Amino acid sequence: MLAGCGAKPPADLRTVRNELAPTGTLRAAINFGNPILATRGKSGEPQGVSVDLAREVAKRLDVPLELVQFDSAGNVVEALKAGKVDLAFVAVDPVRGADMDYTAPYVIIEGAYLVRKGSPLQRNEEVDRPGTRVVVGRGSAYDLFLMRELKAATRVRAPTSPAVTDMFLSQNLEVAAGVKQQLEADAKRVGNVRLLPGRFMVIEQAMGVPKGRTSAQRWLSDFIEQMKRTDFVAAALKRHAIEGAAVAPMK
């Protein structure tokens, strides 16, 4: 009996439904600004690991699902704060943590820098110097991280993460920052650019809910651990041909 006193009781499903789907429908934010999490299929329909997880949540709670589509993480966070969505798939960041509660991460991805082939920059550590302008998607995990970390370089913000490389080229900026896989795809698309070796940050992708929805957060945390343990996340990454992302360790 004493051993059981310290265990958390399972979240009541009725309470979880009320917190996760207060309108009767689970409104899940899908961010196309991060191709690791979601992309548009041939017919424009959302697909990806975040879509698969959202559908599985709705299935287990037996509620309708609405996939609310966004092109940037910053817009997702604002929508969650405004009560326009109930569930977000975002990178864990202390700034965002003021307005939402996270699950444990389900996927880990890398942030990278992109430069022109003729750039004198060779290492990630060389980026933070006077005169270097680093363009990053507004409100993205990279934007929030570099806001804290860059001391000498100047941060320039593009409207969305997919717009970073084109802004980097059109405004003749020195560095582009973002999801490594997105920048690799951009490098093939535009040519005459290269990624700096390695990574400048590791990003933990998790589910987020508005502050105060404690039953929902606890239930989702258990759900995420089960999705990792049963290889649901690994299978989703493989099914959607995602490379360069790893399933987060079990908590």
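1. Ser161, Val164, Ala177, Gly178, Val179, Gln182 and Leu183 line the second largest cavity. A cavity here is a set of points, on a 1 Å grid over the protein atoms alone, where a 1.4 Å probe fits but cannot get out, and lining residues have an atom within 4 Å of a point. Strand E10 (175–179) and helix H7 (180–190) are the elements that give two or more residues to this lining, and E10 has the largest share, three residues. Helices (H or I, at least four residues) and strands (E, at least two) are DSSP runs, numbered from the N terminus.

2. Before going on, a word on what you are looking at. This is a predicted model, in which local features need pLDDT of at least 70 and side-chain atom pairs count only at pLDDT 80 or more, while totals for chains, interfaces and linings use all residues. Residues are numbered from 1 along each chain as its sequence is written, and side-chain values use heavy atoms, with hydrogens and water left out.

3. How confident is the predictor? pLDDT is its confidence in each residue, from 0 to 100. The protein has a mean pLDDT of 92, with 96% of its residues at 70 or more. Confidence is highest in strand E11, at 98, and lowest in helix H1 (residues 2–5), at a mean of 41. Do take care with residues 1–10, where pLDDT stays under 50 and the model has three contacts beyond four places in sequence; a contact means heavy atoms within 4.5 Å.

4. Back to the second largest cavity, which has a volume of about 40 Å³. A volume is the space filled by probe spheres set on the grid points, which are joined across faces, edges and corners. By class, four of its lining residues are nonpolar, three are polar and none is charged. Ala, Val, Leu, Ile, Met, Phe, Trp, Tyr, Cys and Pro count as nonpolar, Asp, Glu, Lys and Arg as charged, and the others, Gly among them, as polar.

5. Buried means under 20% relative accessible area, exposed over 50%, and partly exposed in between (1.4 Å probe, protein chains only). After H7 comes Gly191, whose phi is positive, near 75 degrees.

6. Now for the largest cavity, which holds about 120 Å³ of space. Of the 16 residues that line the largest cavity, Asn31, Asn34, Ala73, Ala141 and Gln205 are the closest to its centre. Strand E5 (88–91) and helix H5 (141–149) each supply at least two lining residues, with three from E5, the largest share. The lining divides into eight nonpolar, seven polar and one charged.

7. Helix H5 has its own buried residues: Ala141, Tyr142, Asp143, Leu144 and Leu146. They pack against E5, E7, strand E8 (133–137), strand E9 (154–158), E10 and strand E12 (201–210).

8. Finally, the record. UniProt places "domain: Solute-binding protein family 3/N-terminal" (unreviewed entry) at residues 25–244. Over residues 25–244 the chain is 33% helix and 28% strand, and the end C-alpha atoms lie 33 Å apart. UniProt positions are given in the numbering used here, feature names are shortened, and annotations may be inferred rather than shown by experiment.

Terms used. On a 1 Å grid over the protein atoms alone, a cavity is a set of points where a 1.4 Å probe fits but cannot get out, and a pocket is an open set with protein on both sides within 12 Å along at least five of seven lines; lining residues have an atom within 4 Å of a point. pLDDT is the predictor's confidence in each residue, from 0 to 100.
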